[in-house]
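Dear colleague,

I am handing over the structure below, and my notes on what was found in it follow directly after. Please read them with the model open beside you.

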2 protein chains.
Amino acid sequence: MGEGTTQHRNDAGIATAIGILAQRFGERLSTAPSMREQHGHTLTWLANQPPDAVVFVRSEDEVRDAVRICADHGAPIIPFGAGTSLEGHLNAPSGGISIDLSALDQIVAVHAEDLDVVVQPGIRRKTLNDQLRDTGLFFPIDPGADATLGGMAATRASGTNAVRYGTMKDNVLALRVVDARGEVVTTSRRARKSSTGYDLTRLYVGSEGTLGIITELTLRLHGLPEAISAGICPFASVAAAAEAVILTIQSGIPVARIELLDEVQVRACNAYSKLTLPETPLLLVEFHGTEAGVAEQAARFGEIAEDLGGGPFTWTTRAEERTRLWTARHDAYWAGLALRPGCTSFSTDVCVPISRLAACIAETKADLEATGLIGPIVGHVGDGNFHVLPLFDPADAAEVAKVKAFVGRVVERALAMEGTASGEHGVGQGKMKYLAAEHGDAAMATMAAIKRALDPQGLFNPGKIVAP
Amino acid sequence: MGEGTTQHRNDAGIATAIGILAQRFGERLSTAPSMREQHGHTLTWLANQPPDAVVFVRSEDEVRDAVRICADHGAPIIPFGAGTSLEGHLNAPSGGISIDLSALDQIVAVHAEDLDVVVQPGIRRKTLNDQLRDTGLFFPIDPGADATLGGMAATRASGTNAVRYGTMKDNVLALRVVDARGEVVTTSRRARKSSTGYDLTRLYVGSEGTLGIITELTLRLHGLPEAISAGICPFASVAAAAEAVILTIQSGIPVARIELLDEVQVRACNAYSKLTLPETPLLLVEFHGTEAGVAEQAARFGEIAEDLGGGPFTWTTRAEERTRLWTARHDAYWAGLALRPGCTSFSTDVCVPISRLAACIAETKADLEATGLIGPIVGHVGDGNFHVLPLFDPADAAEVAKVKAFVGRVVERALAMEGTASGEHGVGQGKMKYLAAEHGDAAMATMAAIKRALDPQGLFNPGKIVAP
């Protein structure tokens, strides 16, 4: 299938670059096998392909130096944040240097009046929100993992509340990026909008380190909601739950989160988190607003659910009950694994137009059954995005092959329904093979032309997204 | 100053292309002077630089044919929608062929469940919303002029309700674009989000026809609000009004529109629209939501205004009163002109972080006074975006020079405050000279590299945004 294949290696150039980097960075250049392996870390079935060395940088100037040294000697460059990506984004199929940005973890400036914050790329999202708490503002994107903001921008991350707050594409105002010449590109100003020039911000968001290294981000912030209500609503079928989602969004209820758990996932959560949720498809919903507003939103959602035979919708504004609810959702992955002791899984995701969501999930569930796999399904269904976590024994080659084929069918099904191969996990190595089918030859040629124009040597994260 | 300068012309190639286009398109190829002048139309001081011919296309295949013929003979290509742009976007400094897309004005498909619509590029926004009315959905972006959707995407348009619904960047889901080879690039699928590959959608949005011709758009729709409230609130100063805007947005009130009129503009509107508004800085605001929701939002805004010494805030949910209010806002340009009979004006716009808005407007008003110009100010202040309309006598060369210098200072002031040279009017010819100061050399080099990669001959709308 091609993913994870080792590419041509420029051994001499890499060795020379490592020698010069060692002089420049001293002990902050590591070639220890464990360090290299950890920096090629991946949560797929893809084999680990470690970089040849890891450099721990402490400033944008050091990023520029490292890039220039690598570029001078043709050594591949792979930016590293927290290592939480899921599709082999960090593997080094052509070897090269991992540039670890985790020490660049500071808030540079908070502009509370402008609802923005300037941060270094290595800051993690939980730390950012902890440090913002006193301002009454927060950064909403929550991909589950405690990722770095640089990595979240690079992979165009989203998560549970994208339905209300958008994805990284909507919440990055500006970037500083070190390009292939070692120059710093500033993509935009702090103004909320601009119509001057090509949208470089959005070009780098989602480029997975293939066009440059993000060294600073200006992010949009949002006011912490005055009140939050959240609740659980059971439905007889995934189709009825999906219909409730469509009506909720069509009627303009500004739902902050609307998550689907199928009955397999609910059973797993009950067992793992000691809950007594009804073991049917469930929607977990959350509303942000004023006290009166969140009560009204919850009431209107409850009416929609009831009209579709769902409910009862039980909701609360009490913080501790909400936390218990969302903890179960956040533990869904671990709960799923516990369904079959000793097995492993990985989460694949696709996204379809919301009108196709029920059909896409129903066919996926039938496929799981026909294939003899257990695979809980959870989804950010307000966006038409869902995850399936097929469980398998990694030591059983036949089962691994079965899961790979199943994941391929999930993607093909989504593409056939005008969807995308990934709503939020990205391409990495794992989904490169689907890109041409999704985007078409002309778009792929356009992406390749951009890659060649901005990275003529093809050194930034080679073997990801697009062949130059 | 360079703008509007005639560039190198490939006369022989253009003549050959016109000959072949005439064979292919018959009477739909026009070289009539009036037609050519109208297609180089511009609402700035820039001199008219008409294309050599205009082709009226009726299908995407015809766009491909026209582009291929032009590309084969090195003839520049300028896409034309409605001719409502403001910065000389349609001028033809190197001559060439205007491709008129206004006959491509159909809705291709409405997907009500998915809240999206697929349209041809020549449909105008008022027609689109008229045709959508029965669905209960609408397309929110309103740049004032009844522009085409293709043109609005190409210039990254926004308008009065961008503060709530975003700009074209946020409301285009996917595009079909005819590229320099005459191939059709599809930028995305209909899924609400995707993390697969470079964001070509956002690259073309705002590219002003310099990278390709948009031949189809998939747009996000929004539910028509159940209730709307709108009102007027006077303030003692622009600074107090700006502070009210900041607090409104910080406190999470989902204001749909929040527009500032300075006292000069209010005086003009009173005279022109026979109104009796208080002649102080005013905010015009509008809220969308449920009946209870819009009442609550209006009440909370009123409290904020009162705390800042503003008010009384008078608001209504009655449709005819709201229409009267917004008609005055929409007529602001004509009202401004009427302040000085026989003069002309043009609207320039900048955008700054909202914390700098009051200072930016105050300095601009002082500049107007020092320069001896009358210039009403109106602004989409929720975004930090404002327009100033200096009035001048176009026959008075000294006054024209004075206005040009003033506009330059408006832009420089915005840039000095971390703002942008244009929040929504775009670059065209008029603002090219400010781009390097705004974006820096590395970003300009990146834009030029993208331009060269996607349009190697430099034929798409030459002399705009970036020199290849």
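The crossing of H17(A) and H17(B) is right-handed, where a crossing counts as right-handed if the near helix is turned clockwise from the far one by less than a right angle, and as left-handed if anticlockwise. Please keep in mind that this is a predicted model, in which local features need pLDDT of at least 70 and side-chain atom pairs count only at pLDDT 80 or more, while totals for chains, interfaces and linings use all residues. Residues are numbered from 1 along each chain as its sequence is written, chains are lettered from A and ligands numbered from 1 in the order in which they are written, and side-chain values use heavy atoms, with hydrogens and water left out.

To return to the helix pair, H17 spans residues 441-454 in chain A and in chain B, and the two pack at an angle of about 135 degrees with their axes 9 Å apart (axes are lines fitted to C-alpha atoms, for helices over the stretch in contact, and angles run from 0 to 180 degrees between N-to-C directions; helices are DSSP runs of H or I of at least four residues, strands are runs of E of at least two, and both are numbered from the N terminus). That angle makes H17(A) oblique to H17(B), since angles under 35 degrees count as roughly parallel, over 145 as roughly antiparallel, 65 to 115 as roughly perpendicular and the rest as oblique. The contact (heavy atoms within 4.5 Å) is made on the H17(A) side by A:Thr446, A:Ala449, A:Ile450, A:Ala453 and A:Leu454, and on the H17(B) side by B:Thr446, B:Ala449, B:Ile450, B:Ala453 and B:Leu454.

Finally, some backbone details deserve a look. A cis peptide bond joins A:Gly311 and A:Pro312, with omega about 0 degrees, and A:Pro312 lies in the loop between helix H11 (291-307) and strand S15 (314-316) of chain A. In chain B, the peptide bond from B:Gly311 to B:Pro312 is cis, with omega near 0 degrees.

Best regards
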